[in-house]
Amino acid sequence: MTEKFDILSCSEQELTEYLTKAGQPTYRAKQVYKWLHSGVGFDEMTNLPKALREYLKENAVIRTPSVEEKYVSKDGTVKYLLRLLDGELIEAVFMVYNHGNTICISSEAGCPMGCKFCASTLKGLSRRLTPSEMLGQVLCVQNDTGKRISNIVMMGIGEPLDNYDNTVKFLRLVSSENGLNIGLRHISVSTCGIVPAIDKLRQEDLGITLSISLHASDDETRTSIMPVNKKYPIAQLLASCKRYFEQTGRRISFEYTMIKGVNDTPHHAQALGDLLRKSMAGCPVHVNLIPVNTVKERTYVKSDEKTVQAFIDILAKKGITATRRRSLGSGINASCGQLRYSKNSNFSEQ
Ligand code: SAH
């Protein structure tokens, strides 16, 4: 059997071409596009002729995930384990912030990057997600919560820039006028630092916020926790961040996972402050500190609150603004990768 057409991954232009080939008038594309992005199935597209609905059911597929499990925390955070059509499991998290409802989505099932503190990468990459599967997470969660999502962070399972084309396509779809129309300024893409992809991204003219998972300010420490640093060391990474700011004018956000004894001492804070001042001179930056979430399979321990505060104070003295990431969803294992890992039957025999 041939694969069905992945219709939710289509731009409006591609959808027009597809439907024209199927003998439909051009105005149908807008109708179908709007229906698809409202999260409904073909049967619910009530203003389409029945024959077209039947044609679409037979020939196309809407690759929206379904809710496998969900965990609701007291602060309103909802952690989802989602199942893709081929059975792969991914995670998404719904969070309520003052600035709006936010979803954290996955870009890959598993992850090939091998960061030592992260649960998503424990069994490597299973496969990359399609644009429709990324968009489908937003539609599925919006539908399940009944709340409109206004912000997206690509900080779930996977490395978005390892799935570059599909990520960029998703960003264009989710921000499209006849789609969910979520402003690109309300979307953050987080990367472990694939330099050529950052350089390519800055040419796309997207206006998203770029988040860099830095986690260390010297190559030795960074390489020991993030293998990607061997290929793209800190100096190269920060040079590409600088180019990104110079072209886009967008402030860069740096993620710094604080691991007790590994990267959290006053010496590390000073080194980070000096590094950012020097390498990112003239570029506004923000540092997000996240005490590491302990992953059962890893030995890392989170820094205590006093250490985090001391770190913030040292950075402030050097003129770098840093905040501790607000912890939402405590008690529901909200950090990504852990749920997928523990639920995936393929993983449990090892
Ligand atoms: N691959 C992308 C996005 C996914 S991870 C990236 O590396 O940025 C989203 C963020 O969570 C990253 O900053 C990642 O380093 C961090 N993270 C992963 N595991 C963590 C853990 N156990 N505790 C705290 N932060 C973690």
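Predicted model: local features only at pLDDT ≥ 70, side-chain atom pairs only at ≥ 80, totals over all residues.

Modeller: Residues are numbered from 1 along each chain as its sequence is written, and side-chain values use heavy atoms, with hydrogens and water left out.

Biologist: Which domains does the assignment give, and how far apart do the C-alpha centres of domain 1 and domain 2 lie?

Modeller: The bounds come from an automatic or database domain assignment, which gives domain 1 (5-61) and domain 2 (66-336). Their C-alpha centres lie at a separation of 33 Å.

Biologist: How many residues does the contact take from each domain?

Modeller: Contact here means heavy atoms within 4.5 Å. On that basis, domain 1 puts in 15 residues and domain 2 puts in 13 residues.

Biologist: Which helix gives the most to the lining of the second largest pocket?

Modeller: A pocket is an open set of points on a 1 Å grid over the protein atoms alone, with protein on both sides within 12 Å along at least five of seven lines, and lining residues have an atom within 4 Å of a point. The lining includes Leu36, Glu44, Leu139 and Asn143, and each domain supplies at least three residues. Helices are DSSP runs (H or I, at least four residues), strands likewise (E, at least two), numbered from the N terminus. With 3 residues, the top contributor is helix α4 (residues 131-145).

Biologist: Is Asn101 buried or exposed?

Modeller: Asn101 sits in strand β6 (residues 100-104), and its side chain has a polar atom 3.0 Å from the backbone oxygen of Arg148. Beyond four places in sequence, Asn101 touches Phe94, Lys147 and Ile149, among others. The cut-offs are under 20% relative accessible area for buried, over 50% for exposed and partly exposed in between (1.4 Å probe, protein chains only). Asn101 has a relative accessible area of 16%, so Asn101 is buried.

Biologist: And what is the relative accessible area of Thr102?

Modeller: Thr102 is also placed in strand β6, and the side chain of Thr102 reaches the backbone oxygen of Gly100 at 3.4 Å. Leaving out neighbours within four places, Thr102 is in contact with residues including Val93, Tyr97 and Val153. Thr102 counts as buried because its relative accessible area is 3%.

Methods
1 Å grid on protein atoms, 1.4 Å probe; cavity = no way out; pocket = protein on both sides within 12 Å on 5 of 7 lines; lining within 4 Å. Polar contact = N/O pair within 3.5 Å; in protein donor to acceptor, adjacent residues only side chain to side chain.
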